[in-house]
Amino acid sequence: MPLNDFPALSVDSSRLPRHVAIVMDGNGRWARGHGLPRHEGHRRGKDSVRAVVEAARELGIPYLTLFAFSNENWHRPSTEVSFLMQLFHRYLITETKRLMKRDIRVVALGETDRLPPRVRQALAATVEATRDNRTMTVAIALSYGGRQDVVNAVKAIAQSVADGKLSPDEIDEQTVARELTTGGLPDPDLLIRTSGELRISNFFLFQLAYTELYFTDTLWPDFRERDFLAALAAYQLRERRFGAVSNGADHPLRAQN
């Protein structure tokens, strides 16, 4: 749906976040509320993914990360995990042409070696096919955990020190950031979590240090362009100081006074 269909939720194109990350939550509750099996919630959530990717692309947001499957999600019932893997596989197969047409690059985050072979192969194929696209990057976090991401980075840095390639005195924030699975991506400016949960659930523990957090009661299968624009509008009402003292000049609410 064209974004100009929502004039009341227009956003300032000069103040958009560079990187938006989304914890897509509420599929199961949506299904339960509609008297449907859980997998129908996951199926409907795929439509929200397409809507948000299209909206971000139209707005010109260069980076979008979707938290699709956490390390902890492996503990869900095997039937649900199997369905989710089938859904991921189908999405990758069916969406690659659309991603290519829109010049969208896909990158994978997380311990993807844990994915079933055919999902891993489809993901690798999509990443390879889109690697030269430049208009937008969509990062898909599959089998991702923030703590494990930090642990893996620490192990890599420790190995570099043991090999004599790095001195402990040379380790700084940039060193750690480079070794995270998100190395090369900017930290998110805005994190959106759907379904009313007020936590980050082991997602981007290092990367979210100064990210603006936006929580909505909307369940992920109901999250569409209007909801995305509402999150961006709320983001633009905030003043990002990064620990510094406010000057008040560029804050939209203060600018009116």
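I started with Glu54: at 23% relative accessibility it is partly exposed, a label for values between buried (under 20% relative accessible area) and exposed (over 50%), using a 1.4 Å probe and protein chains only. The model is predicted, so local features need pLDDT of at least 70 and side-chain atom pairs pLDDT 80 or more, while totals for chains, interfaces and linings use all residues. Residues are numbered from 1 along each chain as its sequence is written, and side-chain values use heavy atoms, leaving out hydrogens and water.

Next I looked up the partner of Glu54. Arg98 forms a salt bridge with Glu54, with the closest N and O atoms 3.2 Å apart; the term needs a side-chain nitrogen of Lys or Arg within 4 Å of a carboxyl oxygen of Asp or Glu. Arg98 lies in helix α3 and Glu54 in helix α2, so the pair ties together parts 44 residues apart in sequence. I noted that helices here are DSSP runs (H or I, at least four residues), numbered from the N terminus. Arg98 is partly exposed too, at 28%.

Then I checked Glu95, which meets Arg50 in a salt bridge (2.3 Å, N to O). This pair joins α3 to α2 (residues 38–59) across 45 residues. Glu95 is buried at 5%, whereas Arg50 is partly exposed at 34%.

My search of the whole structure gave 15 salt bridges. One of them pairs Arg199 with Glu197, at 2.9 Å between the closest N and O atoms. Shared partners join Asp25, Arg29, Arg193, Glu197 and Arg199 into one network.

Notes: Helices (H or I, at least four residues) and strands (E, at least two) are DSSP runs, numbered from the N terminus.
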